[in-house]
Structures are given as structure tokens and as C-alpha cells.
Amino acid sequence: MSLNFLKSLGFGIERVGLLPLRSPWIALLVIGIFSAFCATGVMKLETDDALSDLFRSDSEVFSDYKAMSKLFPSSERDVLVVIEGNELLSPTGLAAIRDVHQELEFVDSVDGALSLFSMRGAPNKEGYAPPMIPSEIPKLGEGFDLVVKGIKEHPLVYGKMISEPGKNGEQIALVVLSIKNEIKSSKDMSSAMSDVRLAAEQALEPYKGYSVDVAGIPVMRQEIKSAIKRDRLIFNTIGFIVGFAISLAFFRRPTLVFIASVCPALSVLWSLGLLGHMGFQLNTFVNVIPPLVMVIALSDAMHMVYSIRRNITKGLDRFEATKMAVLNVGPACVLTSLTTSLAMASLAYTDSGLIRQFGLAAALSTLMAFTAVILVVPTLTALMMRNEDKFRAEEHKHSKALNWLEDLSGKLANWITPRHLAMTIIGISMAVLFSIMHSQLNAQYRLSDQVPTGKDSIETSSRIDKFLEGATPLHILVEWPEGKSLRKDPEILDGIEEAHRIMEEQAGVANVWSVAALRKWLRDNEGAEAASPKSLGEYLDKMPVHLLTRFVNEKNNAAIITGRVPDIDAKDTLPILEGIKAEIHKNLPEGHELSIRVTGLSSVSAIQSSTMINQLNRGLLGAIVMVIILIGFAFRSREVAFLSIVPNLLPIAAAGAGLYLQNLGLEYASVIGLTVAFGLAVDDSIHFLNRLHLERSRTESQQEAVKNTLLHIGPVLMLTTAVLVCGLAVTILSELPSMRQFGSLAMTTLIAALLADLFILPAIIISTCREKLGRDITAPEKPAA
């Protein structure tokens, strides 16, 4: 038995495509059964909208965050209802806040509401702590002035629950809602948010000049989920339409268009079906897999269909034409699938479980796209293209667009040949210059970039940033040993109070509150005895449970200090965190028994984002090296590996240089976009080098081989790049900033890759190569069309 197939560029894997030619009807039946199986998997897909999942890892930082979330679940589940208007500190303004607060407490999904109406004043001589605001709000006068004085002096209210007036007298007041723990599913949370909005708007309706909006992480999660659903519908629908339109414009034949278009549709079905059966969830990144798979499959299908069309035109029947396409184009499709999968899998080189999941899902989906193409194209060609003579007779009517691309490719070859040395120098110089610029990029991350633009949560959060100097929570988690008690051990309260002071004095942090603020307020108003552990405990017993549990979890020996930071870049948040940690280490006495950790989503994102983005960038570099090695191994040629460096490095470097020139940095979406685009862009180089190898086996002239390669492969490279760019262009329609950046970078990289493969790669080959490439690769059995 001959082992020549093992020397194939595709390691013989492409020969799977010969099986449907033996029994196309049986192949069609197998394809139908597998498609039905995958359809059941699609029904199992669920949406994951958790913002923290991007940072999910085994790191100590994320472990601290999960511990805090478990002890104080409301800390990241708060819904902030924002009431805005002029003169909120007036009888009418306070009445509006009161009515909103009371109405929200009756919403079924709300466990408790917290506002300035939840607060109590200092205890009187009998130990009774009266409400800070009486049930009947006084009219303007001395009585009302006393109420305003109490609001401004309370440690948990002024500057925290209600802002100081702005230049024009505008203010905001917060009603913080705790959502019941049983509200967990996306459907229940969406219903809860709708109920909250409706109740707040109805309560405020009698009051003119006031408005109400909602913010908070639960609101952001719902907006992300809605955007994911919208994107999925748009990506799948428009992506398929665009691919179909491009195929129709150039192939002009319904049969060829149908064959090329069925492959991406089945690829999406098979990929999502398998992911559903494997328990994957849809999220911001996994949501891009359908258009990604669609363009990969359509690109490979167009290479195959284009080759079949040329083979039939040259006189072969549909079976022989398909066989030659499988043997000549199939190996390159195998290698492009392997290199693209390898690039996708490099995303697993990160601590982020969410991105690792995307990388593995994308790698699997890429292999599914190849499987669909290598099985479906031969099957449908054998069953549908039954009249080859008629096809050849009518070909001149349908090939004008392709003939135009072939003429353009011929002119390009004639232009490059006398200028190959200059183009080589320009290409290498640009690759070096752009790489230097790319290396200057720094990691950056903002929470608001993960949320759809123009939505309530971001706009409302920006107003909270403006009036209360921060909407994003930052926490200090304080824990003490078993046997100790907040109610009897003053050193615990002293440690909490010192940590509170440190956070409050840290620049960039505002709206700090904890049990320490209450203790200080009691001490200032009632004396030192009122701030003793015992007296403080008695005061805490008078507080509503849903308010008390925001500060203290006595059952698990823990307390939390919460501040708010504005929506700023992660690199600007890091100095705040380091400053707090340094001061805690410096000021707390040695030998103290408290465990004190700075945490929260803002803390996790600031620390993890820089690490993870740098990991992804290193993973991209590793993927480039490994793909180049794989190309050299597949072609059995170090020279081919060398030739593939510049045309594959240049597009990535060019996209990075574009970010640098725009004064932007590397975000999650940008690094992932570059990685995905590299996996797609390298396909063009492989198809070019594969065709060059075939042409080089027929002529001794390197320039003639390059010219023939451009004539044959140039049109399909232009066509498939157009498909890839147009397919990924749908991401620009996304409401998610990260998805738009992903798409724009991917498109930039693909266009740069096409230019590199049409101008730079041929020039380098003519300038440096004199011998046949990939000497040991088995030649095709018959001349390829």
C-alpha cells in the first residue's frame, strides 16, 4: 500500500472528501442525520451574562472576590434607582424620594430598599433611635431645617445617598435595592428589572420636574444579554445574506451559489449544536462564533467550488473535477483549518475561564467548518451538477466577474515582477516598523466598554460618577477569628475603623460607608460610651436586617467597607488599590488577628485585566511562531516557513500600529480580534504557497510560477477576503463596544493580509527563491485546472 498520501500538505486528511463521491446519497443521509442531532444541541444553548466571568480564574484575587460575594451577596447585586431633579432637599423632593422608596418595597422581587428614609438618628436618653426623617415631612420652617440638618450630619446619607446640589441646583438621590437571592435566572432578573422601572416611574408620576433611572451590575447584565441576543440574530442573518450575495455576484450560477452557501449554514448549525451538547454557554465572545464560522466555511467552500468550476471548464466530468479539487485544494484547506484552530486555541493561554472557553469553542468550530466543506461540497456537486457539457457551453455567460478578477491578477503579476526587490524591501521595513509600534501598546480595560452603548446603566452611572464621585463599588473585606465578636472585642472595631479611614482618605475613592462610620457618628453625638462594642451592638439591633447585612455578617465573622470609584481605566484604578493596601500594611499594628483584603469587581478587573491581556498578547506571539513552524513542517521546507514570516507578521503589526497611532491600547477584544484575524489571514498565505508548489512542478522559471499562481489564486483570494471582511463587518452593528472593536481590528488585519499576500509575498519569493518549494510533497495525480 502506498504511503504517498502521508506526504500530502494536508497529511492525507483531505481524502475524506473522496468518500462522498463513491456514494453521494448515503453521504447526504449522514449529513442530514448529523444536522438533526446538532439541531437538538442548539436548543440547549443558554446565555451567560455575568460580568465577573471574564476574570474567573484560580488566582488569589478572584478567590477573594468570590469569598466576598458569598459573605455579602448584595454587594454586587445592588440595583441603584436614581432620582434626579432640582431641590431634592425640599418637602416636595423628600416626598418624591419617600414615595419611590415605599413603592419599590412592594415589588415582589425586591428583598429590601435602602435610602435616606431607612436611616435612624442618634439614640435618645431612653435608648430609642428615631427615624432620621419623620413619617410626616414638615413644611418649610424650623422643623424642616432640623430634618435637613440631620440629613447633612448623618454619616451614611449626605454625599452618599443624596448628593450636594450642582451649579444649577440639580441633585440626585439613591434608592438601593437588594434583589431576592432566588432571582437568579436571566428571565426572572429581566422581569424584576422591568417591575422596578415601572414601579419607580409610577411613584414619581405625580411629581413634576423629577426623573428616575436605574443602574447597577444587574442592570448591566440584562443589557448585555439583550445585546447578545440581538447580535446573534443580526450576525447570523446579515452574515449569511452577505455571503450569499457575494457568491451570487461572482459565480452567477444558482447551483454553484447554493453549494457554496449551504456549507456556512451547516457549519454554524454543527458548531453551535456540538457546543450546546458539550454544555457551552453563549457570551459576548462566543457570540461571534457563528459569523466567524460562516466566513471560514464560505472561504474554503469558494476555494473548492472555484477549483471545481475551472476543472469542469477544462473538460473533466463532475466526479473527476471534484476529485482533483479535493486533492489540489483540499490539502491547503486542511492546513488552513489546522493553523486557524491553533491560533484560536492559543487563547487558552490565559487565566480567564471565559476566554479559554471561547478559544476552545472557536478551535472546535473551525474544524467543524472544514468538515462541512470537505463533505458537503463533493456530495452536492455529485448530486446537482449532472450536465457538464451544458455547464461548459454556458460558462462564458457567467464568468465575467471572475474573468475581470483574473485580468486584474495578471496585471498585478506583470507590475510586481520588475519591482520585486523594492517591494521586498518595503514589505520587510514596514513589518519591522509596525512591529516596533505594536510593541509599545499597553493593556487597558474599562467596565463600561463591556456594556452596550447608549443604554440606561451607563448614562445613569455617569451621572452617579458626576454627583457622588463614583458608581462602581470597591470593598475592603475584614474577617476575624472564631471566638472573637464585634460586640465585645474593641480591637475588631478599631481595625475596621482604621481600614475605613484609609479608604476614605484615599484619592479617587468616595462614598465610603461601613459600621465604622456609624461608630464614629455615635461617638461624636453621644460620647465614647455610645461607641463601645456593647452600645454599638444595641444600635445595630435596631437597624433593618437588609441594611445591617450590608455592613456585617456576624454569623461568619466578617464585615465589609464599601466605597465607590468612577468608571476609569484599569491602569488608573491600580494605584488606588496599591495605595489602600500599602496604608493598611503600614498603619495596622503588628500581630493583629484581622484578615483584611481589598476586593470587588473594580479591584479584580484592574488587577486581572493587565495580566490576562498580556497573557493573550504572548499567546498571540506564540501562535504566530507555532503556525510558521507548522507551515514549514507541512511543506517539508524551512524556506517556506521563512517566506511565511513577513506576510503573516505584517497584518498583525499593521493593526497594532493603527491602535498605537490612535493612542489606544490593547483590550481583551482587540487581542482576541488580532488572534482570530491572524488565524484567518494565514489562510491566504497557505493557499498561495500551495498553488505555487503546484505551479513550480510544471515550470523551471520562478517568475513564471509566481505569475501563474497569481492568475489562479489571486481572484479567489480577493473574493474570499471580500467574504471575510463583509461577514465580519456585521460586528460593526453591535451595541457592544468590545464587539465593534473586535470586528474593526479583524477587518483591518484581513485587508492588510490580502495586500501582503498579493504584493509582498510574491516579491519576496521572486527575490529570494530559486528552487522548487516543498520538495517532498506529493504532486497531484493530474494537472489542476
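Predicted model: local features only at pLDDT ≥ 70, side-chain atom pairs only at ≥ 80, totals over all residues.
Helices here are DSSP runs of H or I with at least four residues, numbered from the N terminus. Helix α1 covers residues 19–22, and Leu 19 lies in it. Leu 19 counts as partly exposed because its relative accessibility is 48%, and buried would require under 20% while exposed would require over 50%. Together with Ile 13 and Val 16, Leu 19 forms a nonpolar patch on the surface, and the three share about 230 Å² of accessible area.

Next, have a look at the aromatic rings. A pair of aromatic rings is described by the distance of the centres and the angle of the planes. Trp 415 belongs to helix α14 (residues 400–416) and Phe 759 to helix α27 (residues 737–768), so the pair ties together parts that are 344 residues apart in sequence. Trp 415 is partly exposed, at 35% relative accessible area, and Phe 759 is also partly exposed, at 26%. Elsewhere, Phe 34, Phe 37 and Trp 270 make up one aromatic cluster.

Now move to strand β7, residues 472–479. Of its 8 residues, 8 are buried, so β7 is largely enclosed by the rest of the structure. In a regular strand the side chains alternate between the two faces of the sheet. You can follow this in β7, where Thr 472, Leu 474, Ile 476 and Val 478 point one way, while Pro 473, His 475, Leu 477 and Glu 479 point the other way. The residues of both sets are all buried.

What does β7 pair with? Strand β10 (residues 558–565) runs antiparallel to β7 and is joined to it by 8 bridges; in this pairing, Thr 472 stands opposite Val 565. Strand β11 (residues 595–599) also pairs with β7 in the antiparallel sense, over 5 bridges. There, Leu 477 has Arg 597 as its bridge partner.

Our last stop is helix α10, residues 318–328. This helix is mostly covered, with 9 of its 11 residues buried. Among those buried residues are Arg 318, Glu 320, Met 324 and Asn 328.

Notes. Residues numbered from 1 in each chain as written. Heavy atoms only, no water. Patch = residues over 30% accessible without salt bridge, like charges linked within 9 Å, V, L, I, M, F, W, Y side chains within 5 Å. Areas by Shrake-Rupley, 256 points an atom, 1.4 Å probe, with all protein chains shown as cover. Salt bridge = Lys/Arg side-chain N within 4 Å of Asp/Glu carboxyl O. Helix = DSSP H or I, 4+ residues; strand = E, 2+ residues; numbered from the N terminus. Buried < 20%, exposed > 50% of the residue type's maximum accessible area, 1.4 Å probe, protein only. Phe/Tyr/Trp six-rings, centres within 6.5 Å; stacked < 30°, edge-to-face > 60°. Pairing = 2+ DSSP bridges.
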